[in-house]
Amino acid sequence: SGTYGVLVLSSTAMFGVYFFMTLFLQRVWGYSAATTALVYIPMSLVLMAGARISGKLAGPLGTRRLTAIGLLLAVVGLAWLARIDASDGYLLGLFLPTLLTYAGFGLTQVPLTLAALAGIEPGETGLASGVFSAARQVGGAVGLAALGTIAWAGATASGDALATGAGRGFLAAAVITAVALALTVATLRPAPERAAA
């Protein structure tokens, strides 16, 4: 249950970043759709690299510790993103904080999957995987609606208001990720490898 709660919360934050960043890039900084797509390439690569690295670190560090490290990185990155402004430069305003955020989310992919499937009977792994995927989608859909409400309350279509709204959205995502971090520490069990040692 704790694993699914962490997954819903982290998915809420991750999907929200994509949404707010797209609006910010196109409506505030005036990026074209093609340029916006290019901005997502490094983020996607870092997310995949983080997931790959987490596969190697899950054994030595354990699922709880690795998930906590990843979520902590994501909280720092999202809090940094929350300070974004229309006058910020790309490198410090967007590139570095998003790389930190998605490196953190990438590190959580494998340990959360392992935690969700831990103790599941072999005949029920398909069902557990389906619940895992559903939790991710629910977090993305419902969470995005909630984050959007927080971000755009009182905002207008002007660039400054949209920048402020995006900042509020990133801040809300940081808070949600921090809650996911607290839930990780409170509910995820230490890795069986370490417990057996």
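1. Basis of the model. The structure is a predicted model, in which local features need pLDDT of at least 70 and side-chain atom pairs count only at pLDDT 80 or more, while totals for chains, interfaces and linings use all residues. Residues are numbered from 1 along each chain as its sequence is written, and side-chain values use heavy atoms, with hydrogens and water left out.

2. Confidence. The average pLDDT (the predictor's confidence in each residue, from 0 to 100) is 86 for the protein chain, and 93% of the residues score at least 70. Among the elements of the chain (helices being DSSP runs of H or I with at least four residues, strands runs of E with at least two, numbered from the N terminus), α3 has the highest mean pLDDT, 95, whereas helix α7, residues 192-196, has the lowest, 41. Over residues 192-197 the pLDDT is below 50, and this stretch has 4 contacts in the model beyond near neighbours in sequence, a contact meaning heavy atoms within 4.5 Å.

3. Nonpolar core. A nonpolar core is a set of buried Ala, Val, Leu, Ile, Met, Phe, Trp, Tyr and Cys residues joined through side-chain atoms within 4.5 Å; buried means under 20% relative accessible area, exposed over 50%, and partly exposed in between, with a 1.4 Å probe and protein chains only. The largest such core has 42 residues, and those with the most contacts inside it are M21, L78, L94, F105 and F170. Two or more residues each come from α1 (2-28), α2 (33-61), α3 (63-81), α4 (90-117), α5 (125-152) and α6 (159-187). Leaving aside neighbours within four places in sequence, M21 is in contact with Y40, M43, L94, T98 and F170.

4. Cavity. On a 1 Å grid over the protein atoms alone, a cavity is a set of points where a 1.4 Å probe fits but cannot get out, and lining residues have an atom within 4 Å of a point. A search of the whole structure finds 1 cavity of 30 Å³ or more, and the largest cavity holds about 30 Å³ of space, the volume being the space filled by probe spheres set on points that are joined across faces, edges and corners. Its lining consists of L7, S10, S11, M14, T108, Q109, L112 and R136, and α1 gives the most to that lining, with 4 residues. By class the lining residues divide into 3 nonpolar, 4 polar and 1 charged, where Ala, Val, Leu, Ile, Met, Phe, Trp, Tyr, Cys and Pro count as nonpolar, Asp, Glu, Lys and Arg as charged, and the others, Gly among them, as polar.

5. F24 lies in helix α1 and counts as buried because its relative accessibility is 2%; not counting residues up to four places away in sequence, F24 touches W29, I84, D85, A86, A163 and A166. The C-alpha atoms of F24 and G165 are 9.1 Å apart, although 141 residues separate the two along the chain. T177, in helix α6, is likewise buried, at 0% relative accessibility, and with the same exclusion T177 touches A13, L71, A74, V75, L78 and F105.

6. A partly exposed residue. L114 lies in helix α4 and counts as partly exposed because its relative accessibility is 44%. Not counting residues up to four places away in sequence, L114 touches A58 and T63, and its C-alpha atom is separated by 36 Å from that of A34, 80 residues apart along the chain.

Note on methods. On a 1 Å grid over the protein atoms alone, a cavity is a set of points where a 1.4 Å probe fits but cannot get out, and a pocket is an open set with protein on both sides within 12 Å along at least five of seven lines; lining residues have an atom within 4 Å of a point.
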